[in-house]
Amino acid sequence: VRLLAAGIVPALGDQAVFLVPELVDALCDKESEVRAAVASALMALGRDAASAVSALAAALLDPTPAVRLTAAQALGALGPVAVPVVGSLIAAMGDEQAGVRRAAAGAVGSLGQIAAGEVVPQVIDALTNGNPEARLLCTGVLKTIGRDAAPAVPVLIATLRDAQADVRRAASSTLGALALDAPDATLPALRAELADPDAATHHVLVVAALRAAGKHAAPAVPQLVELLGSMDVDLRTAGAEALKAVGQQAPADAVPALIEALGDTTHSHVRVLAAGVLEAIGPGAAAAVAALTKGVGDPAAVVRRAAATALGALGPAAVSATPALTKAVEDLDPSVRRAAAESLGSIGPAASSSLKALINAQGDANPALRSAAAGAVQAIAAGAPQEAVPLLAAALTHENGEVRYLSAGALQAVGKAAAPAVGEL
């Protein structure tokens, strides 16, 4: 009967407020199922159950996990009135039951968004002194709180040296989020840590946080560029990934180091990442055309594709790569062929010498390449009709039906300039 009565309360809504004192008493019921149902009823009442805060905080020590879990959730639902017992919730983040720990952390995060000034210092203390489970959850709570958790940045930086790997990774993730929400407080601290030679063992985690900051990490670009010359391949990789996340905000000063990274003959993924950063920088990376052109002939297909794609991002500035890209249109790897075709289209009319290869590629067995080649043919032909029209007219008698069809479409797109091909049509 008591269990059924507690279960009815949520359906009554705010009309059940007068029952709060009785529900508080029922939190001490001898039956755990009743206690859990009562905590759930108080959670449903939310802020109307303000007078139950102390009783719910006490229930965090209940011998039954389900009661502790629901009590934590209820305190989170009560809002500001539960802030005075946030210490009890933080203690519950060290509970032996994972569900209780998560519920307590969720409640602390919710309360921290409401009253960061009171909650964050207590979370910082737990991050410094708590058990590993609590420390891990504290980093997540600070991430949930967001920019108002900025006072925790120094402690989070220190947590990058935590004995537990998962705690270190979580701290890095939270610092990355704070670098977006509170860059003025976070980025200088991350940069200082990256400059500290005594912190070298966790520099990868610092760089991971900078990567999460994306374009906001632009002030750290000089340090990230330096990492490209590191003897530690993981650090080189992390630096390249962070630079790619910065994207077009990365200055041209980064290009020489990226060119050098393209020459890393030992690690193909470093070459891929370097090409990816140059792609993200775009036209500002024009000085890398020669190195990227060499990359189009790399032994690794993933590098060839990345280099070809990066050249396309440079646009007309990559015109000197036209012969290499034209050859790559016939690469054994279909993804390389497609990237080369797309990049030739991005270079535009200046790549007209590639038209014959692109027209033939319209008949490739790979539909993605056919589409890319057709797009490139149209892009080039539109600005170089004198070179394109005779080749397209000749292609109208090609043995491959796709080539004939797509070439006719290209001539149509050229418009009046295609008049000499009318007879072939």
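This is a predicted model: local features need pLDDT of at least 70, side-chain atom pairs count only at pLDDT 80 or more; totals for chains, interfaces and linings use all residues.

Q: OK, proline 283 then. Buried or exposed?
A: Exposed. Its relative accessible area is 54%, so proline 283 clears the 50% cut-off.

Q: Where is proline 283 found?
A: In the loop between helix H17 (268-281) and helix H18 (289-295).

Q: Leaving aside neighbours within four places in sequence, what is proline 283 in contact with?
A: Ala313 and Leu314.

Q: And what separates the C-alpha atoms of proline 283 and leucine 45?
A: 59 Å. Along the chain, the two are 238 residues apart.

Q: Switching to the core. Which residues touch the most other members of the largest nonpolar core?
A: Leu56 and Leu292. That core has 140 residues.

Q: What is leucine 56 in contact with, leaving aside neighbours within four places in sequence?
A: Leu27, Ala39, Leu42, Ala71, Ala74, Leu75 and Leu78.

Q: Fine. At what angle do the axes of H7 and H9 cross?
A: Roughly 35 degrees, and the axes come within 9 Å. H7 covers residues 98-114 and H9 covers residues 132-145. H7 passes H9 in a right-handed crossing.

Q: Which residues make that contact?
A: From H7, Arg101, Ala105, Val108, Gly109, Gly112 and Gln113. From H9, Glu133, Leu137, Val141, Thr144 and Ile145.

Q: How many of the residues in the contact of H7 with H9 are nonpolar, polar and charged?
A: 5 nonpolar, 4 polar and 2 charged.

Q: Staying on H9, there's arginine 135. Buried or exposed?
A: Buried. Arginine 135 has 13% relative accessibility, so it falls under the 20% cut-off.

Q: What is arginine 135 in contact with, leaving aside neighbours within four places in sequence?
A: Ala126, Leu127, Gly130, Asp162, Gln164 and Val167.

Q: Last topic, cysteines. How many disulfides?
A: The count comes to 0 disulfides, with a cut-off of 2.5 Å between cysteine sulfur atoms.

Q: What about cysteine 28, buried or exposed?
A: Cysteine 28 is exposed, because its relative accessible area of 70% is over 50%.

Q: And cysteine 138, buried or exposed?
A: Buried. Cysteine 138 has a relative accessible area of 0%.

Definitions and conventions. Residues are numbered from 1 along each chain as its sequence is written. Side-chain values use heavy atoms; hydrogens and water are left out. A nonpolar core is a set of buried Ala, Val, Leu, Ile, Met, Phe, Trp, Tyr and Cys residues joined through side-chain atoms within 4.5 Å. Buried means under 20% relative accessible area, exposed over 50%, partly exposed in between (1.4 Å probe, protein chains only). Contact means heavy atoms within 4.5 Å. Helices (H or I, at least four residues) and strands (E, at least two) are DSSP runs, numbered from the N terminus. Axes are lines fitted to C-alpha atoms, for helices over the stretch in contact, and angles run from 0 to 180 degrees between N-to-C directions. A crossing is left-handed if the near helix is turned anticlockwise from the far one by less than a right angle, and right-handed if clockwise. Ala, Val, Leu, Ile, Met, Phe, Trp, Tyr, Cys and Pro count as nonpolar, Asp, Glu, Lys and Arg as charged, and the others, Gly among them, as polar.
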